[in-house]
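I opened this notebook to record what I looked up in one protein chain. The entries go from the whole chain to single residues.

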Amino acid sequence: MNELGRAFGLALGLLLSADSELTGIVVLSLAVSLTATCVALLIGAPLGVALASSRFRGRGGLILAANALLGLPPVVVGLAVYLLLSRSGPLGRFGLLFTPSAMILAQIALLTPIVVALTHRFADALWAQYGGALMVDGASTPRSIFTILAIGRASLLTVFLAAFGRAISEVGAIIVVGGNIRGFTRTMTTAIALETSKGDLSLALALGLVLIALSVTVNAIAFLLARNWST
């Protein structure tokens, strides 16, 4: 018990002193996860609306695939990206393996199906309500997609948060392609796993407290924005 209390004390000390290693890990984690989430949203949200508004052969299969990939094991995604970026892979010449860029690519691959599936769910109902009016108005496909996303912006924010939550808490994919290199590719989750295995609980606890605070803050802001947008 005394050891645990000492670890908490050291963790609070790291937070209050803005320890450089801790700060670097947090900044990298946010940069990687936010970048991946934004890119996945830019790719996946329009695709989700397109699946809701369009009728074409194979549409049902794509919707099924997007929902099935919601449970895709992150470590498998990491392995696939690793094979693409390794020296013998098709993208090996770019030297991206074990860099933050590789971690972003892995998270984009993991998050995009999530964004597509969740966007399709709310866009399907919105299209049933507003699609007829948009077609009568002669709206183009890009305009229709933008309009549905604008109407469903509160739901889109929820999609963004769900994807960001998955990204910021992810371990398997990024440790495979990032290598958990100190000062370069070490994120909050990989650092927590490493420091805990080493028995250094102070840094692990400090990073865990940051993760909890970040999660609570982001969800509180999202709740307030969604409530304001719906009134």
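**Entry 1: the whole chain.** I noted at the outset that this is a predicted model. I then looked up the secondary structure and found ten helices and zero strands. Reading from the N terminus, I wrote the order of elements as α-α-α-α-α-α-α-α-α-α. For the dimensions, I recorded that the C-alpha atoms fill a box of roughly 70 × 50 × 25 Å along the principal axes.

**Entry 2: surface and contacts.** I looked up how much of the chain is covered: 40% of its 231 residues count as buried. The accessible surface comes to about 12,000 Å², and carbon and sulfur atoms hold 69% of that surface. I also checked the contacts with a separation of 6 or more; residues 24 or more positions apart account for 74% of them.

**Entry 3: helix α5.** I asked what span helix α5 has between its end C-alpha atoms. This helix covers residues 100-136, and its ends lie 47 Å apart. A straight helix of 37 residues would span 54 Å, so I noted that α5 spans only part of that distance. I next looked for a bend along α5 and found a kink of about 55°, centred on Tyr130. After α5 comes Gly138, for which I recorded a positive phi, near 75°.

**Entry 4: a nonpolar patch.** Which residues make the nonpolar surface patch of about 600 Å²? I listed Phe8, Leu12, Leu16, Leu209, Ile212 and Val216. The elements that give two or more residues to this patch are α1 (2-16) and α10 (201-230). I then took up Phe8, which has its place in helix α1. Its relative accessible area is 36%. Phe8 is therefore classed as partly exposed, because 36% falls between the cut-offs of 20% and 50%.

**Entry 5: Ser144.** Ser144 lies in helix α6, which covers residues 141-151. I then looked up the contacts of Ser144, leaving aside its neighbours within four places in sequence. The residues in contact with Ser144 are Trp127, Leu134 and Ala139. I noted that Trp127 and Leu134 fall within the residue range 100-136 of helix α5.

How values were computed:
Residues are numbered from 1 along each chain as its sequence is written. This is a predicted model: local features need pLDDT of at least 70, side-chain atom pairs count only at pLDDT 80 or more; totals for chains, interfaces and linings use all residues. Side-chain values use heavy atoms; hydrogens and water are left out. Helices (H or I, at least four residues) and strands (E, at least two) are DSSP runs, numbered from the N terminus. The expected span of a helix is 1.5 Å times one less than its number of residues. The bend at a residue is the angle between axes fitted to the seven residues ending there and the seven starting there. Patches are made of residues with over 30% relative accessible area and no salt bridge: like charges are joined within 9 Å, nonpolar side chains (Val, Leu, Ile, Met, Phe, Trp, Tyr) within 5 Å. Accessible areas come from the Shrake-Rupley method with a 1.4 Å probe; for residues, only the protein chains shown count as cover. A salt bridge is a side-chain nitrogen of Lys or Arg within 4 Å of a carboxyl oxygen of Asp or Glu. Buried means under 20% relative accessible area, exposed over 50%, partly exposed in between (1.4 Å probe, protein chains only). Contact means heavy atoms within 4.5 Å.
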